[in-house]
Amino acid sequence: MPPQGWTAPRLCALLLGVTGLLASGSDFQHHRYDDMVRALFAVQSQCPYVARVYSIGRSAEGRHLYVLEFSDNPGIHEALEPEFKYVGNMHGNEVLGRELLIKLSQFLCDEYQARNQRVTRLIHDTRIHILPSMNPDGYEVAARQGPELNGYLVGRGNAREIDLNRNFPDLNALMYYYEKTNGRNHHLPLPDNWELQVEPETLAVIKWMQNYNFVLSANLHGGAVVANYPFDKSRDPRFRGRTTYAATPDDKIFRKLARTYSYAHGWMHKGWNCGDFFNEGITNGASWYSLSKGMQDFNYLYTNCFEITLELSCDKFPAESALPREWLGNREALVSYLEQVHHGIKGMVYDENNNPISKAEISVAGINHDVTSGVDGDYFRLLLPGTYTVKASAPGYLPSASTVTVGPAEATFIFYPLRHASLQPMFLGKHKRSTVGRPTCPRVWTLSWQRY
Ligand SMILES: [Zn+2]
């Protein structure tokens with residue numbers, strides 16, 4: 001079944017299609033490292049008011065990991081504006097994602113200049129971060145071989161031949177233990193000396209996640225055509241090697257996110273691709289094959305970010321001649337998926353003096369995974385349409401709860417003023433009713449177009 005709101009994106013797809021085809025006359029090619037860097041800086045030069053290139057660190061061989069950011073205020077987090085990221089080419093020999101993300105960057109810039117309403121709105125309301133290559137060293141190894149001669153594994157790992165999608169700290173084991181013991185359900189602690197146990201590329205990406213409050217993400221791979229959602233790691237070690245579905249507490253949302261991509265993609269949703277069948281073009285990671293230390297599970301367990309893994313091509317290193325068709329097959333999906341960052345609820349948590357409260361926990365009854373507010377006190381919680389009981393809490397404050405209805409369109413605003421617990425009267429007269437422990441009343445907005 002297609003995700004909700006299917007008709008509107010379909011119409012928008014037509015609109016994107018007209019201008020996109022005009023722009024698709026530009027050259028499609030594989031970009032070696034220097035070409036890619038030039039392409040990213042060219043977008044920044046073309047759209048300096050909405051695009052900015054920055055580096056999150058260097059690869060093992062010293063290549064910069066460049067990110068292109070799109071925002072109406074590049075370089076600045078604006079409260080209540082969600083942060084989104086796309087990561088390509090973490091396996092150096094899986095190159096379609098890298099080319100699609102370079103193309104997407106050019107497309108967003110061109111369409112912004114052409115005053116495409118949908119793209120303009122996206123850039124004004126979202127902070128978009130695009131890392132076309134997380135593994136530039138591996139790419140160069142694979143590209144030296146070229147599309148025809150490319151072996152299945154040549155260039156997959158980084159310069160030290162480490163698979164970066166098996167290189168993140170393993171937080172699943174701890175999560176699965178906490179599930180049984182009612183422990184923490186979000187932002188699990190990193191192991192001691194984790195910095196020494198990861199590759200430079202992984203280190204750079206983890207620091208990136210620490211510095212930006214990402215809400216939604218996808219990492220782009222190749223070798224199959226399917227949208228894969230967490231968990232990647234099986235819950236029961238006895239069943240490793242066999243297929244067992246490992247659902248997150250946000251399983252329904254992840255399935256919807258994956259379906260958003262597969263149905264907006266030219267052929268992913270049809271299911272039969274590359275000799276494999278995936279119903280609706282989506283799969284739970286562990287039910288396909290279990291893996292440890294992957295990036296998508298880490299996003300969910302260590303940060304506020306929901307990430308899925310997109311497998312986009314049967315051929316890991318497609319010929320240049322295949323790129324225009326791939327772009328047309330993925331363009332609408334890339335934009336539709338990005339728009340998902342605006343669903344659910346969002347708002348601010350602040351104290352009685354209007355000071356923002358960061359790291360406040362936002363809990364949704366029935367979903368055992370909290371998210372936290374960022375440094376500006378703003379929070380984002382992806383949710384499917386429905387009615388929820390949501391609670392905000394922070395150490396030293398009285399918690400505040402409310403019932404909120406989420407519609408299919410833009411996020412519903414809920415603001416949480418929290419009162420210091422110490423400001424509550426400790427000793428009350430006989431006839432006064434205690435207000436200790438009574439939640440303060442949050443303000444709920446349902447006007448989704450409102451901007452702050
Ligand atoms: Zn891969």
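Of the contacts in the protein chain with a separation of 6 or more, 74% are between residues 24 or more positions apart; two residues are in contact if their C-beta atoms, placed from the backbone, lie within 7 Å. This is a predicted model, in which local features need pLDDT of at least 70, side-chain atom pairs count only at pLDDT 80 or more, and totals for chains, interfaces and linings use all residues. Residues are numbered from 1 along each chain as its sequence is written.

The protein chain has 452 residues, 48% of them buried (20 or more other C-beta atoms within 10 Å of a residue's own; exposed is 12 or fewer, partly exposed in between). Its secondary structure comes to twelve helices and 18 strands (DSSP runs numbered from the N terminus: helices H or I, at least four residues; strands E, at least two).

The largest nonpolar core holds 103 residues, and A227 and V349 have the most contacts inside it. Such a core is a set of buried Ala, Val, Leu, Ile, Met, Phe, Trp, Tyr and Cys residues joined through C-beta atoms within 7 Å. Domain 1 and domain 2 both give residues to this core, so it lies between them; the domain bounds come from an automatic or database domain assignment. Beyond four places in sequence, the contacts of V349 include I357, Y379 and L418.

An open sheet has the strand order β13-β12-β15-β16, with antiparallel pairing (at least two DSSP bridges between two strands). β13 and β16 each have a single partner strand, so one side of each is left without a neighbour in the sheet.

| Edge strand | Residues |
|---|---|
| β13 | 367–372 |
| β16 | 400–406 |

Four bridges join β12 to β15, and E361 stands opposite S393 in β15.
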